[in-house]
Amino acid sequence: MSVRHNMSGFWLPAGAVAAVLAVLASAGWWLYRANQELEGKAPVSCREAVRFLQAAHPPEAAQSKRCTKGQWQTTWYNIDFQTSRAEAEAWLRATYPDARVDRDCAGADLCAQPTTPADGSDNGNADYLSVDIRFEERDFAHVHVSGGTSN
């Protein structure tokens, strides 16, 4: 009887500790993902970001493609990639043909703030958009597209 009592005396507390650790790990993972959303660093598929930002997919030759999402009082998405300078500008002009491309930008070599359809509907897409292109070494450019909802 004492052996059986000793075994249950070990397994019951061990099981309780394991359950508490599982709950803490789950809570930690949830908080980590929530923090990524608040900081706008939650990874999402580029297909989802492209749809929300009403953009074309990054060029095939683009490198370092990264798409993220953030959400708190509004929702916003980001697309980042690197490509050649000429391809970056061509992508911008093809993706947002009506946007005025400016060369006098704060923190970028090219920028644009494309307009979104003014239909007044909540179509699940961005209400405002911003594109910044920074030129880098060896004819490369870093493209950053961001946009979000206003409500």
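1. A disulfide here is a pair of cysteine sulfur atoms within 2.5 Å. By that rule, a search of the whole structure turns up two of them. Please keep in mind that this is a predicted model, where local features need pLDDT of at least 70, side-chain atom pairs count only at pLDDT 80 or more, and totals for chains, interfaces and linings use all residues. Residues are numbered from 1 along each chain as its sequence is written, and side-chain values use heavy atoms, with hydrogens and water left out.

2. Let's take the overall layout next. The protein chain has three helices and six strands, where helices (H or I, at least four residues) and strands (E, at least two) are DSSP runs numbered from the N terminus. Along the sequence they come in the pattern α-β-α-β-β-α-β-β-β.

3. Counting contacts (heavy atoms within 4.5 Å) between residues at least 6 apart in sequence, 54% join residues at least 24 apart. The accessible surface of the protein chain is about 9,800 Å², and carbon and sulfur atoms hold 56% of that; areas come from the Shrake-Rupley method with a 1.4 Å probe, and for residues only the protein chains shown count as cover.

4. Now to the cysteines. Cys46 and Cys67 are joined with an S to S distance of 2.0 Å, and their link is right-handed, with 100 degrees about the S-S bond. Cys46 sits in helix α2 (residues 46-53) and Cys67 in strand β2 (residues 63-71), so this pair ties together parts that are 21 residues apart in sequence. Cys46 is partly exposed at 23% relative accessibility, whereas Cys67 is buried at 5%.

5. The disulfide of Cys105 and Cys111 has an S to S distance of 2.2 Å. Its link is left-handed, with -90 degrees about the S-S bond, and both cysteines are buried. Counting bonded cysteines along the chain, the disulfides follow the pattern 1-2, 3-4.

6. One residue I would point out is Lys69, in strand β2. Lys69 is buried but has no salt bridge, and the nearest side chain of opposite charge, Glu48, is 4.4 Å away. A salt bridge needs a side-chain nitrogen of Lys or Arg within 4 Å of a carboxyl oxygen of Asp or Glu. For charge, Lys and Arg count as positive and Asp and Glu as negative, while His and the chain ends are not counted. The side chain of Lys69 does make a polar contact of 3.4 Å with that of Gln71; such a contact is a pair of N or O atoms within 3.5 Å, and within protein one must be able to donate a hydrogen and the other to accept it, with residues adjacent in sequence counting only if both atoms are side-chain atoms.

Technical notes. Buried means under 20% relative accessible area, exposed over 50%, partly exposed in between (1.4 Å probe, protein chains only).
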